[in-house]
Number of protein chains: 2
Amino acid sequence: MSTVPPPTVLARATLFDVARLVGVSIQTVSAVINDKPGISEPTRVRVRQAIDQLNYHPNILASSLRARKSFTIGVIVPSITNPYFPEFVRGVEDVAHEHGFSLFLCNSDNQSDKELAYLQLLRRHAIAGFIDACYMENSRCRETLVDLIEHGVPVVVLGNVRIHPKTVVVDSKNKQGGYAAVAHLVEMGHRRIGVIKPPPTIVGLDRLSGFQLGFHDHGLPIIDQYWVEGGFDVSHGEAGIKRLLELPHPPTAVIAANDLVAMGAATALRQMGKRVPEDISIIGYDNIRMAELYDPALTTIAQPVYQMGVTAMRAIIRRIDDRSLGGAKRDFNPRLIIRASTLPLRRNRKARRLIRREQGIA
Amino acid sequence: MSTVPPPTVLARATLFDVARLVGVSIQTVSAVINDKPGISEPTRVRVRQAIDQLNYHPNILASSLRARKSFTIGVIVPSITNPYFPEFVRGVEDVAHEHGFSLFLCNSDNQSDKELAYLQLLRRHAIAGFIDACYMENSRCRETLVDLIEHGVPVVVLGNVRIHPKTVVVDSKNKQGGYAAVAHLVEMGHRRIGVIKPPPTIVGLDRLSGFQLGFHDHGLPIIDQYWVEGGFDVSHGEAGIKRLLELPHPPTAVIAANDLVAMGAATALRQMGKRVPEDISIIGYDNIRMAELYDPALTTIAQPVYQMGVTAMRAIIRRIDDRSLGGAKRDFNPRLIIRASTLPLRRNRKARRLIRREQGIA
DNA sequence: TTGTATGCGTTATCAC
DNA sequence: GTGATAACGCATACAA
C-alpha cells in the first residue's frame with residue numbers, strides 16, 4: 001500500500017552516503033578507511049569528518065564477502081561450564097582480539113552430532129580459522145574438518161590427533177600426564193587404585209592410555225571393576241566414587257579424569273563420612289583454579305591451559321598471514337603438583353619403605 | 001607471470017555451480033535450499049543431489065548481506081573465567097543454537113574502553129541481537145547501545161539499568177539479595193561485619209546498595225575501614241580479607257562480593273591459621289557450582305544464572321520475530337542458601353538469644 | 001591522486 | 001513452476 005519505509009528500522013549509512021556527502025567517489029572513502037595510500041590529506045580529513053557526521057560504520061559482512069576473507073574464528077569446546085575451557089578460550093580470545101578477530105563459541109557436550117552440526121554451521125559462516133577443543137573420532141566430523149583445511153582454513157585441534165598433514169595440533173601430553181598420576185600414587189605406596197575414566201574424546205582417550213601404561217609399567221593388574229565409566233563433570237566423580245566404594249575391597253587411592261571429577265568424588269566421600277586423603281587419596285587433572293582453593297587442596301597434573309589457547313590462536317594467525325605454512329605439533333609438558341589430597345598409604349609401612357628404596361627416594 | 005590459480009585455495013561451490021550442474025536457474029536452487037514453495041518434487045530431488053555431489057554449502061555472509069538479516073548474537077561478559085558467566089553464556093547458547101543463531105563472545109574485563117571497542121566491533125558485524133552482561137555506566141557505551149537499539153537491534157542488559165525504553169533488562173534483584181546477606185549475618189548475631197566490595201558495574205553497585213541498606217535497616221553503622229575495595233575475583237578475596245584482619249577489631253563475619261571472593265578469603269584465612277566459620281563467618285553470592293563443593297560449603301545468595309541466560313536469549317528471539325515489541329524487565333528472585341560457612345556468633349550468647357527473640361525465631 | 005566498471009554469493013521482484 | 005534482472009555494501013583492477 002504505502003511506500004513509506006517501516007519506521008522502526010533506520011537505514012545505516014553506507015560508503016555511498018559518505019562519498020556523496022564529501023563529493024568524492026566510494027572507493028576514495030574506502031581507501032581512507034583502509035588506510036591505503038594515494039589520497040591527499042585534505043580529502044582524508046573531509047572523509048573522516050563525514051564518517052563521524054553520518055555515524056558511518058563499515059559493514060564487515062560486505063567487506064568480508066568482497067575481500068574473500070573474514071575475521072571470525074570458530075571455537076568449539078565440550079562445555080564452557082567446565083572451568084578448564086574458559087581458561088583456554090580466554091587465551092584464544094585475548095590473542096584474537098589483539099589481531100581484530102572475533103570468536104564464534106560453540107558447545108558440543110561431547111556429542112559427535114552436535115560437533116558436526118556446529119562444524120557445518122561454521123563452514124557456512126566462512127570462518128577464517130577454526131579451533132576444535134573437543135574432537136572425537138567420527139568420520140563425518142573428520143570429513144568436514146578435512147574439507148575446511150583443504151579449502152585453506154587453518155585448523156587447530158586440541159589433543160593428540162593428526163587429522164590432516166596441515167592440521168596444527170596443540171597438546172599437553174596427556175599420556176605422559178596420566179602416567180605421572182599413576183606413578184605418584186604408586187610412589188605413595190598405593191597398589192589398589194581406582195580410576196574414574198575420562199570420556200572417549202581424543203584428550204580423554206590419551207589420558208586413559210597414560211593411566212593404563214602407568215599401571216602396566218608398575219606391575220599393577222588392570223581389573224575392570226576398578227576402572228569405572230566416567231566423564232569430565234562433577235557428577236561423574238560423585239557416581240564413580242560410589243561404585244568404587246561398593247567394591248569388596250575399595251581402592252586406597254583414586255585417579256579422577258580431571259579436577260572437577262576429583263572434587264565431586266572427594267565431596268561425596270566427605271558426605272559419606274570418609275576422609276580425604278586419610279581414608280582415600282585422590283588425584284585430579286588440569287589444575288584448575290579451584291584445585292588450589294579446595295580443601296583438601298588437590299594433588300593434580302597441571303597443564304598451561306591459557307598458554308595453550310594463546311598458542312592455538314597464534315598458530316591460526318600465522319597461517320592466515322602465510323598460507324603456505326603446513327601442519328605443526330606443539331606439545332606442552334604436564335606437571336605433577338603435589339598438594340593435600342594424596343597421602344602415603346599407611347596400612348603397610350614396611351611395604352611402603354620398600355617401594356621407596358627401590359625407586360631411590362631418600 | 002603465470003595465470004594458474006594458487007593451488008592451495010580451492011574455490012567453494014556456489015549456487016551458480018549447482019544450478020549449472022542441474023540445468024536450472026540459480027533462484028530455483030535457492031528456493032529448494034530455503035524450502036520455498038513452487039518447485040516440483042523431481043527438481044527438488046535433482047537439486048539436492050547436485051548439492052551433495054558438489055559439496056555445496058550456502059555462504060551465510062552473502063545471504064545475510066542480501067537478506068539484511070544475520071544470525072549472529074553478540075555477547076559480552078566481564079570475563080568468561082568467572083564461573084558465573086559460563087553458566088549464563090551456556091543458557092544463552094543453548095537457546096541460540098536451538099534457533100540457528102551463533103554467538104560472538106567477548107570479554108570486557110570490566111573495562112569500559114574494552115566494552116566500547118567490542119560494542120563497535122559487533123555493530124560492524126551486523127549482529128541480530130546483543131546481550132551485555134557487563135554494562136558499566138559510560139556515555140560512549142550508552143551511545144553505542146542506543147544507536148544499536150534505534151537501528152532495530154534487540155538489546156538485553158544484565159542488571160538493573162534502563163538505557164533506552166526498548167532495552168530488555170534481565171536482573172536478579174541484587175539489592176534485595178545483598179540485603180538478605182546482611183540480614184542473615186545479623187540474624188546470626190553478628191554486628192561487626194566486614195564487606196569486600198564488588199566492582200562498580202551495574203550489578204556490583206546494585207548489590208552494594210543492598211549491603212548498605214541492610215546495614216542501615218539493622219542499625220549497623222557504616223564504618224569505612226570495614227568496607228574494603230574489591231572486585232569479583234579470587235584475588236580480591238585474598239587481598240580484602242588481609243586488610244580486614246589488620247583492623248584493631250577485625251569483623252566476626254564477612255560479606256564477599258561473590259562466591260569466588262568468598263573462597264579466596266576463606267582459603268587465605270585458613271592459610272593464616274583462622275577457621276571458617278568458627279573464627280569468622282563468610283557469606284558469598286551467586287551460588288556457583290563450587291560453592292556447594294567447597295569446604296566449608298558456602299552460605300550464599302543464589303541466582304538462577306542459566307535460566308537468566310535462557311531468558312535473555314529468548315527475549316532477543318521474540319524481538320527478532322516481532323520488531324514491534326518494546327522493552328521489558330524480567331526480575332529473578334535471589335535466594336539465601338545457608339550452608340556451613342556462616343555460624344551464629346558465640347562471643348556473647350545472651351546477645352544472640354536476644355536478637356533471635358526479637359526476630360521471632362524459635 | 002581520483003573515478004569507472006565489475007563482481008563477491010546470495011535473495012527479491014518481477015515477468016514468463 | 002521457472003527464469004531474467006537488480007540489489008545488498010564493499011573492494012579491486014585499471015584507466016584517467
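The following dialogue asks how terms are applied to a predicted model with chains A and B and DNA strand D.

Tutor: In this predicted model, local features need pLDDT of at least 70 and side-chain atom pairs pLDDT 80 or more, whereas totals for chains, interfaces and linings use all residues. Residues are numbered from 1 along each chain as its sequence is written, chains are lettered from A and ligands numbered from 1 in the order in which they are written, and side-chain values use heavy atoms, without hydrogens and water.

Student: What makes a residue count as near DNA strand D, and how many residues surround it?

Tutor: A residue is near a strand if one of its heavy atoms lies within 4 Å of it. Around DNA strand D there are 23 residues, the closest being A:Leu15, A:Tyr56, B:Gln27, B:Gly38 and B:Arg66. Of the atoms of DNA strand D that come within 4 Å of the protein, sugar and phosphate account for 64%.

Student: Why is the approach of B:Gln27 to a base called a polar contact?

Tutor: A polar contact is a pair of N or O atoms within 3.5 Å; within protein, one must be able to donate a hydrogen and the other to accept it, and residues adjacent in sequence count only if both atoms are side-chain atoms. An N or O atom in the side chain of B:Gln27 is 2.7 Å from a base nitrogen of DNA strand D, so the pair meets the cut-off.

Student: What makes the 12 strands one sheet, and which strands stand at the edges?

Tutor: Strands are DSSP runs (E, at least two residues; helices are H or I, at least four), numbered from the N terminus, and two of them pair if DSSP finds at least two bridges between them. E1 (residues 72-77) and E3 (residues 129-132) of chain A have four bridges in the parallel sense, so they pair. A:Val75 stands opposite A:Ile131 in E3(A). The open sheet has mixed pairing, and its order includes E2(A)-E2(B). E11 (328-331) of chain A and E11 (328-331) of chain B stand at the edges, each with a single partner strand, so one side of each lacks a neighbour in the sheet.

Definitions and conventions: Least-squares fit on C-alpha atoms with pLDDT ≥ 70 in both.
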